Amino acid sequence: MMIGHPLVATILAMTLAGIPAPTRFAALGIITEADGAYLRDRRVSTGTTLYDGDRLSTEPDGVLRLRSGAALLYLRGDSQITLRSEPNDEKGTLVDLTAGTLVFSTAQAAAAEIRANKASIRPAADTPTIGQITAVAPKLLYVYARRNALKFSYRDETEIIAEGESYRVVLDPTEDAAAKPDSEHPRRNPSRRRKGFLFFLIGAGAAAAAAGGAAAMPTANPIVEHSESPFHP
């Protein structure tokens with residue numbers, strides 16, 4: 001008998017050996033709105049259930065909203081993320097932002113962690129928080145604390161971004177970048193320097209423009225159709 005899928009072969013071998021088969025992986029989220037959005041290379045629809053490792057992307061004019069545990073996520077056009085389950089049995093979702101802009105909303109600090117270019121962004125406390133992150137280049141991010149504070153971490157260093165503040169963040173800056181004033185906003189507060197990253201304060205309007213405009217968060221109780229990721233374990 002031919003067995004074409006490695007997972008099927010593994011489960012069959014474990015069953016024949018008397019070893020209990022692994023339980024089905026838990027779902028990480030569900031899509032509440034999709035327009036011009038994809039799960040890997042397939043167009044995705046509202047109500048699709050998502051699992052660990054699912055890669056989601058949007059067309060230039062696409063929109064994607066999803067719920068993952070206690071967090072709501074909004075993906076703008078020309079953006080890409082990958083969902084991961086949090087390690088160490090933490091009840092939260094890890095979101096890898098590869099490109100574009102992601103807005104997240106949650107009232108629990110442990111509910112969601114956004115990683116972009118190896119930096120980590122999450123709520124600073126268990127309060128209703130909205131954060132917006134744009135991955136511009138391998139060493140350049142825009143981070144905006146739209147509601148309540150965000151905790152930004154890179155390597156072994158941490159910075160708290162207060163509500164209403166937005167920053168252009170340069171990772172692993174060169175000495176020239178550290179010494180050069182912020183030409184975009186020379187009258188604003190000078191950069192806040194750390195060894196691993198460099199912060200330049202910008203206005204909320206500039207942050208929204210850099211991200212392509214302000215994003216609206218999904219409703220708390222969306223009505224969805226039910227389907228699931230075709231790539232689930």
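Trainee: What is the mean pLDDT of the protein?

Mentor: The mean is 79, and 65% of the residues reach 70 or more. The term pLDDT is the predictor's confidence in each residue, from 0 to 100.

Trainee: Where is the pLDDT below 50?

Mentor: One such stretch is residues 1-5, with four contacts in the model beyond near neighbours in sequence. Another is residues 218-225, with 18 such contacts. A contact means heavy atoms within 4.5 Å. Where pLDDT is low, the predicted coordinates should not be read in detail.

Trainee: OK. How many helices and strands does the protein have?

Mentor: Three helices and 17 strands. Both are DSSP runs, numbered from the N terminus: helices are H or I with at least four residues, strands are E with at least two.

Trainee: What share of the residues is buried?

Mentor: Buried residues make up 42% of the 233. Buried means under 20% relative accessible area, exposed means over 50%, and partly exposed is in between (1.4 Å probe, protein chains only).

Trainee: Let's do strands. Which strand does β1 join?

Mentor: Strand β1 (residues 29-39) runs antiparallel to β4 (residues 55-68), with eight bridges between them. Ile31 has Leu66 in β4 as its bridge partner. Two strands pair if DSSP finds at least two bridges between them.

Trainee: How many residues sit between the strands in the hairpin of β4 and β5?

Mentor: Two residues, and Gly69 takes a positive phi near 60° in that hairpin.

Trainee: Which residues have a positive phi without being a glycine?

Mentor: Arg40 is one of them, at about 55°. Lys118 is another, at about 75°. Most residues other than glycine have a negative phi.

Trainee: Where are Arg40 and Lys118?

Mentor: Arg40 is in the loop between β1 and β2 (42-43), and counts as partly exposed at 32% relative accessibility. Lys118 is in the loop between β8 (112-116) and β9 (119-123), and counts as exposed at 76%.

Trainee: New topic. How many salt bridges are there?

Mentor: The count comes to seven. A salt bridge is a side-chain nitrogen of Lys or Arg within 4 Å of a carboxyl oxygen of Asp or Glu. One of them joins Asp96 and Arg84, with the closest N and O atoms 3.7 Å apart. Asp96 is in β7 (residues 93-106) and Arg84 is in β6, so the pair links distant parts of the chain, 12 residues apart.

Trainee: What about Lys139? Which residue does it form a salt bridge with?

Mentor: Asp172, with the closest N and O atoms 2.6 Å apart. Lys139 is in the loop between β10 (129-137) and β11 (140-147), and Asp172 is in the loop between β14 (166-171) and α2 (175-179), so the pair ties together parts 33 residues apart in sequence. Lys139 is partly exposed at 40%, and Asp172 is partly exposed at 25%. Elsewhere, salt bridges that share partners join Glu113, Arg115 and Arg122 into one network.

Trainee: Glu113 and Arg122: buried or exposed?

Mentor: Both are buried. The closest N and O atoms of their salt bridge are 3.3 Å apart.

Trainee: Last one. Where does Gln132 lie?

Mentor: In strand β10. Gln132 counts as buried, at 3% relative accessibility.

Definitions and conventions
Residues numbered from 1 in each chain as written. Predicted model: local features only at pLDDT ≥ 70, side-chain atom pairs only at ≥ 80, totals over all residues. Heavy atoms only, no water.
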